[in-house]
Amino acid sequence: ALERLSGRPYSEVSELAERWLKSHDPLLTRIGTRWGLISRDDSWFLLGPEVSAESLRRFEQLAADVFAEDDPLLELPPEERWDASFRGKQSRCSSVLRNGMAETLALLGARPEGLRSATGAREIAPRVVQKSLDNQPWLRWASLTSQLPLLAEAAPEQFLKAIERDLRQSNPAIARLFDDQGDPFFTSQPHTGLLWALEVLAWDRSLLARVSLILARLDDLVPTMKTGNSPSRSLSEIFMPWLPQTTAPVEERVRVLSKLLKERTDAGWRLLVGLLPDQHQMSVPTARPKWRDWTLDWTPSVTRAAYWTQVVESSRLLVQDLGTDVARWEALIANFENLPDPVRFEFVGRLGQFAETDLDQEQRRTLSEALREKATHHRRFTDTDWALPPEEVSNLEHLRERFEPEDPVRKWA
């Protein structure tokens with residue numbers, strides 16, 4: 001790889017690296033047999049002007065070839081991958097080489113101005129990312145899982161287009177990344193790189209809507225994940241009202257949530273219910289860009305006004321989208337105390353109207369029982385600080401009576 005990149009024999013490149021290593025202010029560092037740059041950032045701007053168009057041409061060809069190699073380890077069943085090296089299932093290109101090439105592509109995409117003397121530098125990252133990912137099978141995506149966050153940084157538009165085009169297929173390739181990969185402690189989970197890449201792009205407010213729709217589509221498409229990250233968890237972390245992990249302001253976040261509910265109704269509904277405030281919510285950091293400046297203005301603190309704006313507007317979206325789906329009404333009754341005050345009162349009014357509709361006896365029994373359980377729970381713990389006020393509990397009990405089925409068998413079942 002070094003010979004192809006430099007156009008010189010390896011021995012000559014090695015000799016030059018040794019001289020640089022021993023200089024007064026070295027650019028390179030070496031630990032064992034592994035070489036690296038002291039500072040990629042400084043090296044990019046100090047040496048960038050010396051990079052020629054021919055060097056970039058060689059880099060583009062090499063990067064395309066490196067990313068075109070599928071990982072032979074993935075040809076084995078998950079339970080047999082632990083001894084892949086003994087079976088000769090190893091990539092020709094090391095992970096160090098792949099990661100280094102991907103990081104250089106990310107720098108080319110984020111800071112092409114560092115290569116002032118090389119024409120066409122801005123077009124290299126988009127071309128390589130498109131060639132590497134567009135219309136590729138699942139094995140290619142899985143083989144590049146560790147590099148996907150950097151490839152997303154390198155060319156966000158091409159990266160998202162490749163995913164969107166794949167998801168329009170009847171059998172999307174990337175859906176296979178979420179198939180059961182065995183015990184996560186002993187086997188790789190190829191879907192994690194894709195989710196981290198999408199989390200990286202979500203920091204850019206201009207990309208938030210597209211990223212969210214992709215994650216929602218994946219949430220509808222793939223099976224529920226037992227452990228590790230999942231599309232729904234990524235969405236929740238991005239939109240957590242008390243720690244949103246995107247630079248989009250609250251007004252934009254609410255618009256995106258509304259769009260999700262309209263275009264990906266089931267995933268949008270699950271997300272909004274999961275974002276309702278409760279006493280047990282936790283948040284973990286999402287993946288962040290390494291070279292893009294999307295997070296420079298971000299702060300982990302959220303104003304009370306911004307927090308309550310998202311909570312109220314998101315809750316209102318749920319109430320307005322109930323329709324005639326009894327399961328949704330039942331889910332919102334289960335989360336009744338988590339609704340903010342103005343929306344809770346609105347929901348009570350909607351419940352009263354829904355009680356007058358043409359519901360069958362089983363539907364009435366379902367909602368009546370849900371209301372009974374909620375009222376009983378708050379009556380039992382009336383002295384706690386989280387219990388609903390007695391007048392609200394009374395309202396729930398009155399509503400329960402209005403939903404009671406006429407059939408005595410169902411009523412007392």
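**Entry 1: Asp42.** I started with Asp42 and found it in helix 3, residues 40-47. Helices here are DSSP runs of H or I with at least four residues, strands are runs of E with at least two, and both are numbered from the N terminus. I kept in mind that this is a predicted model, where local features need pLDDT of at least 70, side-chain atom pairs count only at pLDDT 80 or more, and totals for chains, interfaces and linings use all residues. Residues are numbered from 1 along each chain as its sequence is written, and side-chain values use heavy atoms, with hydrogens and water left out.

Entry 2: Next I looked at strand 1 (residues 28-31) and strand 2 (residues 34-37), which run antiparallel and are joined by four bridges. Strands pair if DSSP finds at least two bridges between them. I noted Arg34 in strand 2 as the bridge partner of Ile31. The two strands form a hairpin with two residues between them, and Gly32 in the turn has a positive phi of about 65°.

**Entry 3: two helices.** Last, I checked which residues of helix 11 meet helix 13. They are Leu208, Ala209, Ser212, Leu213 and Ala216, with Arg253, Val256, Lys259, Leu260 and Glu263 on the helix 13 side; contact means heavy atoms within 4.5 Å.
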